[in-house]
Amino acid sequence: MTSSSTLSKSELTAEFVNPIISSTISVFEMMLGCTPKRTGLSLKQDVIPQHELSAVIGISGKAAGTLVLSLSESVGKGVLDRMLGITAEEINDEVCDAVCELANMIAGSAKAQLEHLEASISIPNIITGKGHTVHYPSNVSPICISFESEIGAFSIEAGFSDR
């Protein structure tokens, strides 16, 4: 078996995909009562997330990288409604807090499945607005995993390199 220190950046990012997918599905089922279906997997060609609401998590350890939960405004509001029963008319502090907590749960679950990388995760930062950018480690092509769910479409974007 290849150690994480000899994996290429693309292989290392790919190693995170299955734990991220399973963690996303599990957290959405448990916390939101909906089952997301993966609709796509691709390499990102730019640094602009698919949707206007992003929870950005830094990951460090034997691998360093960035994990982004990218949601549309309607999905962000749906997260708040399903988690806390609160209706929001627009993206506000409560929506951002709910999305932040959801992203933290997904990252924490994925981290538990990747113990061999001794990963540490940062507290999620929320970025809003169409066209915002997220930067990944140098020379990394992030992976974009698209999902569809009862509350709408969203994506997980991830890019990692070894340390």
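A residue is called buried when its relative accessible area is under 20%, exposed when over 50%, and partly exposed in between (1.4 Å probe, protein chains only). At 4% relative accessibility, Cys144 therefore counts as buried.

This is a predicted model, in which local features need pLDDT of at least 70 and side-chain atom pairs count only at pLDDT 80 or more, while totals for chains, interfaces and linings use all residues. Residues are numbered from 1 along each chain as its sequence is written, and side-chain values use heavy atoms, with hydrogens and water left out.

**Cysteines**

A disulfide is a covalent bond between the sulfur atoms of two cysteines. Here a disulfide is counted when two cysteine sulfur atoms lie within 2.5 Å, and the count is zero. The sulfur of Cys144 has its closest cysteine sulfur in Cys34, 18 Å away, which is too far for a bond. For Cys96 the closest cysteine sulfur belongs to Cys100, at 8.6 Å, also too far for a bond. Cys96 is buried, with a relative accessible area of 15%.

**Helix 3**

Helices (H or I, at least four residues) and strands (E, at least two) are DSSP runs, numbered from the N terminus. Helix 3 covers residues 93-112, which is 20 residues. The expected span of a helix is 1.5 Å times one less than its number of residues. For helix 3 this gives 28 Å, and the end C-alpha atoms are 28 Å apart, so the two agree.

Buried residues of helix 3 include Val95, Cys96, Val99, Cys100, Leu102 and Ile106. An α-helix has 3.6 residues a turn, so residues three or four places apart point the same way. At the N-terminal end, Asn92 caps helix 3, with a side-chain oxygen 3.0 Å from the backbone nitrogen of Glu94.

**Aromatic pairs**

Rings of Phe, Tyr and Trp (its six-membered ring) pair if their centres lie within 6.5 Å; planes under 30 degrees apart count as stacked, over 60 as edge-to-face and the rest as tilted. By this rule there are two aromatic pairs.

| Pair | Centre distance | Plane angle | Class |
|---|---|---|---|
| Phe28 and Phe154 | 4.4 Å | 5° | stacked |
| Phe147 and Phe154 | 5.0 Å | 10° | stacked |

Phe28 lies in helix 1 (residues 9-32) and Phe154 in strand 7 (residues 152-162), so this pair links parts of the chain 126 residues apart. Phe28 and Phe154 are buried, and Phe147 is buried too. The ring pairs link Phe28, Phe147 and Phe154 into a cluster.

**Annotated domain**

UniProt, in an unreviewed entry, places the feature "domain: Chemotaxis phosphatase CheX-like" at residues 54-148. Residues 54-148 are 34% helix and 29% strand, and their end C-alpha atoms lie 16 Å apart.

Technical notes: Polar contact = N/O pair within 3.5 Å; in protein donor to acceptor, adjacent residues only side chain to side chain. UniProt positions renumbered as here; feature names shortened; annotations may be inferred.
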